[in-house]
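Work through these exercises with the model open beside you. Try each task before you read its solution.

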Amino acid sequence: MKHSFIDEYSGLDSFIHRLDPRTKLIASLAFIVAVVLTPASNWRVFAFYFCIIVALLIFSKLPPIYVMKRSLVIFPFVLLTAIFIPFFKEGEVAGSYNVWMWQVSVTYSGLFILANVVVKAWLCILALILLSSTTRLADLLKSLKQLGVPQVMILILSFMYRYIFVLVDEVMRMQQARDSRNFGGRRLHQLKTIGNMVGTLFIRSYERGERIYAAMLARGFDGQVRTLHKLSFKQADAYFGAVFCLVLIFPCVIWW
Amino acid sequence: MHIPDGFISMPVAAVGIALAAGSVAYAVKATNKKMGEKQIPLMGVLAAFIFAAQMLNFPVAGGTSGHLIGAALAAILLGPWSGVLVMTCVLIVQSLVFQDGGLLALGANIFNMGIVPCFVGYYLYRGIASLFPKRKLGVMVGSGLAAWFTVVMASVACAVELAISGTVPLRVALPAMAGVHALIGIGEGLITAAVLALVLATRADLLELQKA
């Protein structure tokens, strides 16, 4: 089976795709920190950051619909925050409604918190989408290593990345087999079936891990992994990094 | 429960990152001591296993469906430190590939869904399992209750972080989050117990992994 759901658009070619993954990772993190640190209600700053990220998204040639769909991941949390808004009692009341038997009143301060959080979260998720859709995961992991994440973690993550495809395949085959045998019935029975599937998957995964290790030993694995491909920090990265930093600081200088 | 960026404040995120970085550094050492260089392929494949297991949806009340978190399962099968390592890998990939959970909030997410459930789940399981004279019953009841409780604990940690950041009011959010997840956690508990029953019946030796 084919799984294109992992770094689907990282194969495109654009100015952003060609940047060094380290530049992109640090720039994304800086952008997210800048957004989170921006004090509430600085709408001009948020608008400014929004323009930057949209410009970069356009440069990167990512399909807009895909970006929008991806950014819906934050929706459950937006909903969660929205549910609790009526419980912020302080401040001026913006509107009061009779919902069934409750008197629900929404205050301006509550709405303010919601709007603020939604805007920040959305800006951050766009930055994260830009990062992960323009960089191959393998390159991203390499850059993490050079930024100080321990080598062992990186190796484990690369193994995980390699075997996600195999195990997802295995799960899909199991699901197909289950569904073709009239899966359904009482809820407890369904849970037991899923429990058996997960258990079987665990045993198979564990045995696969041991086989992989044996195969690696047979090929002379000594705990070290050597790779050929080196990341290259180009002039374009230096320019992009410098300009991006200036742009991020720009709102602090003129609006604070 | 994956917190996106922007929902927690900078100080909360920074504390989360510090806690996660420290625990993961120690987890790498602890697992390495236990299984040496075998750690790399094994932990990688098992992280992929948790990731794949999370794709299996089960029905929850009202037409909605949930899926396993798997932190308690990982900790019970592999021991708490290896569990933390596996869950950290899963959360990193979910954040970097699916934007499920933010980059800056990664530390807080590792704390909520890795560190807290792995330790709470593992020791609760050991405690409850030792109360039963019959091994199979003890393993099933212990793992089920522990897995249910870890889901509640993870949601409590999440609610507290959101409240400290000023995103939700604590006195309403805490009971609401804990209450909802006490229901969601039932599925996690039952499935975890079923998984352990199967492993106990087919490869009981794998249950001794955490002690090795």
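**Exercise 1. The largest cavity**

How many residues line the largest cavity, and which lie nearest its centre?

Solution. The model is a predicted one.
Step 1. Count the lining: 14 residues surround the largest cavity.
Step 2. Find the centre. A:Lys24, A:Ala27, A:Ser28, A:Leu56 and A:Leu130 lie nearest to it.
Step 3. Name the elements. Those that give two or more residues to this lining are α2, α3 (43-59), α6 and α10 (235-255), which belong to chain A.
Step 4. Sort the lining by class. It has 11 nonpolar residues, 2 polar and 1 charged.
Step 5. The structure holds 4 cavities of 30 Å³ or more.

**Exercise 2. The largest pocket**

Find which residues lie nearest the centre of the largest pocket, and which element gives the most to its lining.

Solution. 
Step 1. Start with the volume: the largest pocket has about 1,300 Å³.
Step 2. Look at the lining. It has 42 residues, and A:Pro76, B:Met1, B:His2, B:His67 and B:Asp100 lie nearest the centre.
Step 3. List the elements that give two or more residues to this lining. Chain A supplies α5 (75-84). Chain B supplies β1 (57-59), β2 (65-67), α4 (80-98) and α7 (170-202).
Step 4. Pick the main contributor. α7(B) gives the most, with 7 residues.
Step 5. Sort by class: 27 residues of the lining are nonpolar, 12 polar and 3 charged.

**Exercise 3. Where the chains touch**

Describe the contact between chain A and chain B by residues, area and element.

Solution. 
Step 1. Count both sides. Chain A puts in 74 residues and chain B 76 residues.
Step 2. Take the area. About 6,600 Å² is buried between the two chains, and carbon and sulfur atoms give 84% of that.
Step 3. Find the residues of chain A that lose the most area to chain B. They are A:Phe77, A:Phe202 and A:Tyr206, together 12% of what that side buries.
Step 4. Look for polar links. Across the interface there are 7 residue pairs in polar contact. There are also 2 salt bridges. In one salt bridge, the side chains of A:Glu207 and B:Arg203 meet at 2.3 Å, N to O.
Step 5. α9(A) gives the most, with 24 residues.
Step 6. Sort that side by class. It divides into 53 nonpolar, 11 polar and 10 charged residues.

Note on methods
Residues are numbered from 1 along each chain as its sequence is written. Chains are lettered from A and ligands numbered from 1 in the order in which they are written. This is a predicted model: local features need pLDDT of at least 70, side-chain atom pairs count only at pLDDT 80 or more; totals for chains, interfaces and linings use all residues. Side-chain values use heavy atoms; hydrogens and water are left out. On a 1 Å grid over the protein atoms alone, a cavity is a set of points where a 1.4 Å probe fits but cannot get out, and a pocket is an open set with protein on both sides within 12 Å along at least five of seven lines; lining residues have an atom within 4 Å of a point. Grid points are joined across faces, edges and corners, and a volume is the space filled by probe spheres set on the points. Helices (H or I, at least four residues) and strands (E, at least two) are DSSP runs, numbered from the N terminus. Ala, Val, Leu, Ile, Met, Phe, Trp, Tyr, Cys and Pro count as nonpolar, Asp, Glu, Lys and Arg as charged, and the others, Gly among them, as polar. Contact means heavy atoms within 4.5 Å. Buried area is the accessible area (1.4 Å probe) that two parts lose on being put together, summed over both. A salt bridge is a side-chain nitrogen of Lys or Arg within 4 Å of a carboxyl oxygen of Asp or Glu. A polar contact is a pair of N or O atoms within 3.5 Å; within protein, one must be able to donate a hydrogen and the other to accept it, and residues adjacent in sequence count only if both atoms are side-chain atoms.
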